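Me: I would like to learn how to read a structure like this one. Please take me through it feature by feature.

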Amino acid sequence: MNNTQHTSHQYNQELEAARSKLMTMGGLVETQVTDAIKALLERDSALGEKVSFSDYEINTMEVAIDEQCAEIIARRQPAASDLRLLLTIIKVITDLERIGDEAEKVGRYAVEMTETASYGDLHNSLRHLGEHVKAMLSDTLDALARLDVKQAMQVVSNDQQVDEEFDSITRQLYTRMLEDPRNIKDSLNVTWCARSMERIGDHCKNICEYVIYLVKGKDVRHTNLEKMRDEILGND
Amino acid sequence: MTEATLNMAAAAPQTHKPAAGGREEFAHDITGTVGKPFLDGKDTKFFSRGVNVFYTGNKQAIFDVNVDIGRNEVIAMIGPSGCGKSTFLRCLNRMNDTIAGCRVTGDIRLDGEDIHGKEQDPVLLRARVGMVFQKPNPFPKSIYDNVAYGPRLHGLAANRAELDEIVESSLTKAGLFKEVKDRLQTPGTGLSGGQQQRLCIARTIAVSPEVILMDEPTSALDPIATATIEELIDELRQSFTICIVTHSMQQAARISQRTAYFHMGKLVEVNNTKTVFTNPQHQLTENYITGRFG
């Protein structure tokens with residue numbers, strides 16, 4: 001990636017259009033996630049419904065961006081950083097679309113759980129997990145917009161904490177279900193929501209790995225953090 | 001929109017911005033050749049070190065080129081017009097000797113043997129290192145005589161049967177025999193452009209070279225004839241080392257194992273073709289293959 005322009009201005013514009021559409025999609029997904037978590041924690045069924053109805057916008061954007069990228073590949077045969085940019089966009093929108101699906105699920109459960117008496121201790125844990133996931137998504141989108149490898153690596157390492165928080169919520173839910181089987185239905189609903197949030201964290205991690213690939217040209221998927229750090233820092 | 005979204009929108013550049021934490025390590029100047037210009041001695045067909053070429057008036061065309069060319073590999077040389085890629089190619093079989101006022105310095109060895117050595121006969125060198133040019137240039141003779149010309153000159157056939165054999169096998173290797181076997185005595189110039197180019201390749205192969213140099217061999221051909229030649233290049237790689245100069249980056253990407261990028265007479269980068277086209281190591285290579293040059 002560099003600031004030297006292509007000889008073809010039209011090519012510049014095509015790549016820029018795909019890129020800015022990706023950013024718009026990212027913004028949309030972020031709003032969905034924020035609203036879904038808010039609906040869940042504040043028992044706002046109207047907001048929950050809005051989230052589950054708005055998912056189609058994200059799906060439509062995914063299809064449109066895919067088509068745009070396919071056209072650029074067919075017309076321009078991109079190479080090097082342009083090729084990596086397009087591959088990254090195509091991959092990132094898949095993860096963004098899935099984050100959208102998870103937000104939609106949380107929105108649906110939020111509607112269903114408006115009747116639940118109380119989350120008890122879980123409220124705090126869910127709020128904490130929600131905040132963490134929202135911050136992760138926001139950092140991910142920042143890293144993507146700024147092509148910031150350091151921030152991307154930070155997000156990848158944060159994912160572990162999200163996983164731990166999810167495990168802790170699961171343990172709390174086991175106890176709750178064992179205490180009183182009447183809690184099982186609500187507890188399962190809470191489990192699905194927590195699970196969706198945890199999955200959002202995983203998708204953020206994937207996106208950050210693509211950012212590293214885009215900037216550094218190194219595929220760091222399926223490697224551990226230590227190795228990733230060595231690979232990336234070894235390049236500086 | 002949340003705050004982060006707004007930040008993101010602000011950060012989304014209108015044009016390509018330098019990657020933060022990205023490619024600062026990219027070299028912008030040419031201090032030496034980046035990538036993997038050198039090979040293990042045993043895999044090396046051509047060895048070149050410190051090659052400079054000067055034209056009349058001491059005008060330097062290429063500067064200190066150091067690169068190894070591997071046995072049975074296709075190496076593509078790319079770069080903008082006037083970058084010195086064809087000049088370097090012509091050093092490899094001393095074609096530059098034929099240009100008045102042209103002077104080549106440096107060490108070039110073919111299988112360890114100095115091609116500028118006193119006992120080296122340039123005519124014999126050019127039999128070992130054949131060349132195919134941009135425009136098909138068959139001799140104004142029959143198809144048969146075009147191919148038989150080299151073997152006759154170098155006395156490679158003891159009798160007519162042997163010569164027939166060489167002509168047939170060369171035309172077969174060049175993928176042309178089936179198309180012309182019934183009209184070997186007709187003029188080579190009567191063939192189509194793609195067939196003429198394959199005839200020139202057959203003519204080159206007929207003297208059993210070790211290396212084939214190709215200077216934009218398909219730039220005058222249509223896409224189908226080009227595809228045939230590219231397919232042929234891949235087959236020829238089994239028996240020969242091939243150095244190809246091409247203006248088509250897609251062609252370099254399709255047919256070569258290694259790619260060398262020249263810029264203003266300097267060899268900027270030599271790398272595996274996959275690396276050059278997905279993650280080049282030098283900013284100038286990146287600029288050229290992504291169309292940011294100039």
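Me: What are the ground rules here?

Reply: This is a predicted model, where local features need pLDDT of at least 70, side-chain atom pairs count only at pLDDT 80 or more, and totals for chains, interfaces and linings use all residues. Residues are numbered from 1 along each chain as its sequence is written, while chains are lettered from A and ligands numbered from 1 in the order in which they are written.

Me: What pLDDT does chain B average?

Reply: pLDDT is the predictor's confidence in each residue, from 0 to 100. Chain B averages 88, and 90% of its residues score at least 70. Over residues 1–25 of chain B, the pLDDT is below 50. The model scores ipTM 0.79 and pTM 0.83.

Me: How many residues of H7(B) are buried?

Reply: Buried means 20 or more other C-beta atoms within 10 Å of the residue's own, with C-beta atoms placed from the backbone. Helices are DSSP runs (H or I, at least four residues), numbered from the N terminus. In H7(B), 12 of 13 residues are buried, including B:Leu199 and B:Ala202.

Me: Which residues touch the most other members of the largest nonpolar core?

Reply: In soluble globular proteins, nonpolar side chains tend to be buried together. A nonpolar core is a set of buried Ala, Val, Leu, Ile, Met, Phe, Trp, Tyr and Cys residues joined through C-beta atoms within 7 Å. Here the largest has 77 residues; B:Met77, B:Ala202, B:Leu213, B:Ile242 and B:Cys243 touch the most other members. A second, separate core of 61 residues includes A:Cys69 and A:Met153.

Me: Which residues of chain A does the "domain: PhoU" annotation cover?

Reply: The unreviewed UniProt entry places it at residues 23–109 and 126–211 of chain A.

Methods. Two residues are in contact if their C-beta atoms, placed from the backbone, lie within 7 Å. UniProt positions are given in the numbering used here, feature names are shortened, and annotations may be inferred rather than shown by experiment. Helices (H or I, at least four residues) and strands (E, at least two) are DSSP runs, numbered from the N terminus.
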